[in-house]
Amino acid sequence: MATNTAKKSSTAKKAEATDKPTTFDFYDLEFTIPSAKKLPMDILEAIEDDRGEVVIIRSIVGPEQWATFKSLSPTIEDFEGFAEQVAEAAGFGSSGN
């Protein structure tokens, strides 16, 4: 798993540098995250206001992909893994879990 995380970090950094989205798989579903520079300003405000991880992750993935994630009937542990992948794909590094 560490190899995947390092690869994703490298991929996310490259995507941010080229302003391209990053894609990752979670439970055999594909999720696409815009480069950090293309994320909505609301996310930066949510981070600054310390609104919480769920709000931030939901904002990053957007309503359609959030609904896809929720359709998996995820556990809190699933959310932690998903949040980690979203944070890496967005170029934020670790989500803090």
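Both Phe 24 and Phe 31 are buried, where buried means under 20% relative accessible area, exposed means over 50%, and partly exposed is in between (1.4 Å probe, protein chains only). Welcome to a predicted model, in which local features need pLDDT of at least 70 and side-chain atom pairs count only at pLDDT 80 or more, while totals for chains, interfaces and linings use all residues. Residues are numbered from 1 along each chain as its sequence is written, and side-chain values use heavy atoms, with hydrogens and water left out.

**The overall layout**

- The chain has four helices and two strands; helices (H or I, at least four residues) and strands (E, at least two) are DSSP runs, numbered from the N terminus.
- Starting at the N terminus, the order of the elements is α-β-β-α-α-α.
- The chain has 97 residues, and 31% of them count as buried.
- Among contacts with a separation of 6 or more, 49% join residues 24 or more positions apart; a contact means heavy atoms within 4.5 Å.

**Aromatic rings**

- A pair of aromatic rings is described by the distance of the centres and the angle of the planes.
- Searching the whole structure gives 10 aromatic pairs. Rings of Phe, Tyr and Trp (its six-membered ring) pair if their centres lie within 6.5 Å; planes under 30 degrees apart count as stacked, over 60 as edge-to-face and the rest as tilted.
- Phe 24 and Phe 31 make a stacked pair, with 5.7 Å from centre to centre and 20° between the planes.
- Phe 69 and Phe 82 are also stacked, because their ring centres are 4.1 Å apart and their planes are at 10°.
- Phe 69 belongs to helix H3 (residues 53–70) and Phe 82 to helix H4 (residues 76–90), so this pair ties together parts that are 13 residues apart in sequence. Both Phe 69 and Phe 82 are buried.
- One aromatic cluster takes in Phe 24, Phe 26, Tyr 27, Phe 31, Trp 66, Phe 69, Phe 79 and Phe 82.

**The nonpolar core**

- A nonpolar core is a set of buried Ala, Val, Leu, Ile, Met, Phe, Trp, Tyr and Cys residues joined through side-chain atoms within 4.5 Å. The largest one here has 19 residues, and Phe 24, Ile 33, Ile 60, Phe 82 and Val 86 have the most contacts inside it.
- At least two residues of this core come from each of strand S1 (22–26), strand S2 (29–33), helix H2 (41–48), H3 and H4.
- Setting aside neighbours within four places in sequence, Ile 60 touches Ile 33, Pro 34, Leu 39, Ile 43, Val 86, Ala 90 and Phe 92.

**Helix H3 and its bend**

- H3 bends by about 115° at Gly 62, and Pro 63 follows within four residues. The bend at a residue is the angle between axes fitted to the seven residues ending there and the seven starting there.
- Although H3 has 18 residues, its end C-alpha atoms are only 15 Å apart, short of the 26 Å that a straight helix would reach at 1.5 Å a residue. The expected span is 1.5 Å times one less than the number of residues.
- Buried residues in H3 include Ile 56, Ile 60, Gly 62 and Trp 66. The buried residues of H3 pack against S1, S2, H2 and H4.

**A charged pair**

- The structure holds one salt bridge, meaning a side-chain nitrogen of Lys or Arg within 4 Å of a carboxyl oxygen of Asp or Glu.
- Arg 51 forms a salt bridge with Asp 49, and their closest N and O atoms are 3.0 Å apart.
- Arg 51 counts as partly exposed because its relative accessibility is 43%.
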